[in-house]
Amino acid sequence: MNTIAERYVKLVLALGRHDADYVDAFYGPPEWKAEAERQKTALPEIRATAERLIAEIPNLTDGDRKDELVVLRRDYLKRQLDALRARVRMLEGAKLTFDEESQALYDAVAPTHPDSYFEATLQEIAQALPGEGPLVDRYEAFRSRFIVPADRLSRVFDRAIAECRARTLPHVQLPANESFTVEYVRGKPWSGYNWYQGDFRSLIQVNTDLPIYIDRAIDLACHEGYPGHHVYNALLEKHLVRDRGWVEFSVYALFSPQSLIAEGTANYGIEVAFPGDERLAFERDVLFPLAGLDGSQAAAYAKTRALVDRLSYAGNEAARKYLNGERTRTQTVEWLTRYAMSPAAAAEQRTRFFDTYRSYVINYNLGKDLVKQYVESKGNAASQPERRWQEFVRLLASPRLPSALRQTAPPPR
Ligand SMILES: [Zn+2]
């Protein structure tokens with residue numbers, strides 16, 4: 001397995017030469033990367049090698065079956081290779097539908113919802129935001145009261161990160177030298193990004209092209225940091241790469257099933273770190289004052305935000321129809337302003353995200369729902385915050401496939 005794992009890493013690096021977004025992180029031997037640059041392996045050869053490696057993966061022995069992680073590792077590597085093969089086919093020009101693509105790359109298909117599914121939520125939002133004019137404009141006007149002034153951004157984010165870290169550390173054994181740097185950038189198709197550097201370090205970039213609302217602080221601190229991507233990557237490095245010597249985890253192929261687990265845990269981690277009303281209390285009592293905002297409005301904002309969150313699957317619908325060629329960019333922006341409550345500029349930014357990352361969008365909301373169902377299906381994890389942390393951390397530190405999460409629970413609707 002270790003030989004196949006090493007060849008898998010080299011194959012991911014080889015594909016990275018054809019696809020600039022593919023290698024999200026790599027902290028294995030630098031000479032492997034140099035070798036990939038030098039060899040410039042062609043796509044058909046990468047595909048053929050992937051097929052060969054899949055065929056060479058050995059069957060499990062009785063000894064293997066005694067260690068759950070060994071069993072998971074085998075299935076995972078096989079499926080990651082299969083996704084790599086699909087990505088090569090796409091780069092070679094294969095046209096997959098949105099659902100075919102997400103199944104091939106992320107081992108999952110998002111449920112489909114008609115427009116009417118979102119209407120009920122839109123009506124509730126309309127009641128919460130009475131007035132004239134399109135609902136999205138009313139929402140934007142309401143929301144404008146919760147923008148963090150640019151000169152207070154870093155102090156608000158730093159405080160949110162410190163809080164998320166303090167809430168995570170009692171439940172997760174992190175390496176002593178783990179660290180996390182934040183940079184503010186512009187002109188990107190995403191709103192935030194964690195670039196894992198290896199050696200338990202992360203570089204988090206925050207895109208300031210669009211206004212940043214107060215709720216982004218906790219979203220970002222949890223999602224990119226604690227207990228999200230930074231913790232996830234650090235735990236994989238510690239438990240799988242260093243303790244077990246499983247090199248395949250030193251590379252992170254972005255368009256692969258791993259991303260559903262990464263995004264799903266990063267989003268679900270917010271409610272693990274802030275159970276019940278704890279998020280609202282912290283935002284109201286600490287972050288609002290730091291941002292110079294009126295804390296008495298925090299509850300109303302949280303309530304509206306929770307309603308708008310229920311429209312998250314509208315983003316999948318928009319991406320699905322846009323990428324399947326059923327709607328133009330302009331039509332997609334219009335549809336998103338109505339059904340996802342995205343103001344035009346944000347909707348436009350989202351279509352750019354669809355262009356680059358395509359069916360990756362399902363990893364955020366479907367990923368979160370699958371992770372939540374998986375973790376909360378374990379014993380009484382749904383009602384006991386401590387148990388929930390344990391199951392959550394166990395998932396973070398193990399190579400589990402999206403389809404294996406799904407087997408534990410009915411698919412989300
Ligand atoms: Zn993410």
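**Close-up views of a predicted model**

Figure 1. On a 1 Å grid over the protein atoms alone, a pocket is an open set of points with protein on both sides within 12 Å along at least five of seven lines, and lining residues have an atom within 4 Å of a point. Grid points are joined across faces, edges and corners, and a volume is the space filled by probe spheres set on the points. This is a predicted model, in which local features need pLDDT of at least 70 and side-chain atom pairs count only at pLDDT 80 or more, while totals for chains, interfaces and linings use all residues. Residues are numbered from 1 along each chain as its sequence is written, and side-chain values use heavy atoms, with hydrogens and water left out. Helix H1 (2-16), helix H2 (30-39) and helix H3 (43-56) each supply at least two residues of the pocket lining; helices (H or I, at least four residues) and strands (E, at least two) are DSSP runs, numbered from the N terminus. Among the lining residues are Arg7, Trp32 and Glu45.

**Figure 2. The largest cavity.** A cavity is a set of grid points where a 1.4 Å probe fits but cannot get out. The structure holds one cavity of 30 Å³ or more, and the volume of the largest cavity is about 40 Å³. Its lining includes Tyr27, Asn233 and Tyr252, and helix H10 (229-242) and strand E5 (251-253) each contribute at least two residues. By class, seven lining residues are nonpolar, three are polar and none is charged. Ala, Val, Leu, Ile, Met, Phe, Trp, Tyr, Cys and Pro count as nonpolar, Asp, Glu, Lys and Arg as charged, and the others, Gly among them, as polar.

Figure 3. His223 (NE2), His229 (NE2) and Glu263 (OE) are the protein donors of the zinc ion, lying 2.1 Å from it. Donors are N, O and S atoms within 2.8 Å of the metal (3.2 Å for Na, K and Ca); water is not among the atoms, so sites may look incomplete. The spacing of the donor residues in sequence is H-x5-H-x33-E. Histidine 223 and histidine 229 are both buried, where buried means under 20% relative accessible area, exposed over 50%, and partly exposed in between (1.4 Å probe, protein chains only).

Figure 4. Asparagine 363 is in helix H17 (residues 362-376) and is buried, with a relative accessible area of 0%. Leaving aside neighbours within four places in sequence, asparagine 363 is in contact (heavy atoms within 4.5 Å) with Tyr106, Ser259, Leu260, Glu263, Gly264 and Lys368. One of these residues, Glu263, is also a donor of the zinc ion.

Figure 5. Cysteine 164 is in no disulfide, the nearest cysteine sulfur being that of cysteine 222 at 3.3 Å. This separation is too far for a bond. Cysteine 164 is buried at 0% relative accessible area, and cysteine 222 also counts as buried, at 0%.

**Figure 6. Backbone features in loops.** Most residues other than glycine have a negative phi, and most peptide bonds are trans. The peptide bond from tyrosine 226 to proline 227 is cis, with omega near 5°. Lysine 40, in the loop between H2 and H3, has a positive phi near 45° and is exposed at 52% relative accessibility.

Terms used. A disulfide is a pair of cysteine sulfur atoms within 2.5 Å.
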